[in-house]
Amino acid sequence: MQSHEIDYKIIGHDVQLVEVELDPGETVIAEAGAMLYMEDGISFEAKLGDGSNPRAGFFDKLLTAGSRLITGESLFLTHFANQGWGKKHVAFAAPYPGTIIPMDLAKMGGRIIVQKDAFLCAALGTKISITFNKRLGAGFLGGEGFIMQQLQGDGKAFIHAGGTVIERYLNNEVLRVDTGCIVAYEPGIDFNIEQSGGLRSMMFGGEGIFLATLRGTGKVWLQSMPIRKLIRELSPAGGNQRKESGGFLNQFLQD
């Protein structure tokens with residue numbers, strides 16, 4: 001199914017939203033609860049599927065929707081359609097402060113891999129599915145990356161990230177990243193989890209026991225503040241306290 005051609009604009013800086021412009025008959029799909037506002041003439045309906053395969057039967061839709069539960073997302077996607085006259089607007093906001101990244105799938109080979117909680121909205125015709133990392137250690141050891149979302153199509157999709165977004169292009173290179181900071185990558189990138197360093201570094205370095213390794217050729221998108229890291233830092237017994245303790249122990253061992 002060819003995706004609907006939607007126009008958009010990103011509004012804001014630190015806490016962003018995306019406003020989508022729909023021509024009559026056009027539809028955008030979004031995560032449940034992502035809508036911020038919509039103009040008169042736009043109708044919305046929660047559906048099991050993403051609408052990319054109009055011929056899909058009920059059980060096919062149920063299976064596809066059920067797979068979303070594995071990623072921790074809602075069973076339903078909300079479809080917003082312009083059923084009025086003239087252009088209408090609907091806006092979507094990310095669930096926490098950060099950056100919205102527009103993805104033109106037609107210019108990216110028709111496929112992108114994103115973190116399981118990164119999808120925000122997309123033009124109707126975009127297929128949203130789950131994909132499993134071929135290396136089990138990437139999920140069981142690192143806690144991130146085993147179950148990812150795959151976006152396929154030829155239209156525009158929007159994902160969100162925490163904090164500032166860093167876009168890197170790897171040319172047969174290797175990049176090591178905090179496991180929670182990966183937002184998306186192109187299919188040409190190989191994702192794995194590796195041990196972060198020696199015993200002292202793992203225990204007291206504050207960087208965790210494992211790091212994500214991105215290897216290959218293609219684009220990767222990173223986030224400076226994933227939501228789990230933000231929650232950890234703001235908690236009374238958060239990361240800052242542990243880093244101070246780790247720094248003290250490190251100094252003690254060096255002395």
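These questions and answers look at the strands of a predicted model.

Residues are numbered from 1 along each chain as its sequence is written. Since this is a predicted model, local features need pLDDT of at least 70, side-chain atom pairs count only at pLDDT 80 or more, and totals for chains, interfaces and linings use all residues, while side-chain values use heavy atoms, with hydrogens and water left out.

Visitor: How many residues of strand S12 are buried?
Guide: Strands are DSSP runs of E, at least two residues, numbered from the N terminus. Buried means under 20% relative accessible area, with a 1.4 Å probe and protein chains only. S12 covers residues 147-152 and is largely enclosed by the rest of the structure, because its buried residues number 5 of the 6.

Visitor: Which residue in S12 is the bridge partner of Thr-131?
Guide: Strand S11 (residues 127-132) and S12 run antiparallel, with 6 bridges. The S12 partner of Thr-131 is Met-148.

Visitor: Which are the edge strands of the open sheet of 4 strands?
Guide: Two strands pair if DSSP finds at least two bridges between them. The order is S1-S2-S7-S4, with antiparallel pairing. Two strands pair on one side only: S1 (7-11) and S4 (35-38).

Visitor: In S2, which residue is the bridge partner of Ile-10?
Guide: S1 and strand S2 (residues 17-22) run antiparallel, joined by 5 bridges. In S2, Ile-10 has as its bridge partner Val-18.

Technical notes:
Buried < 20%, exposed > 50% of the residue type's maximum accessible area, 1.4 Å probe, protein only.
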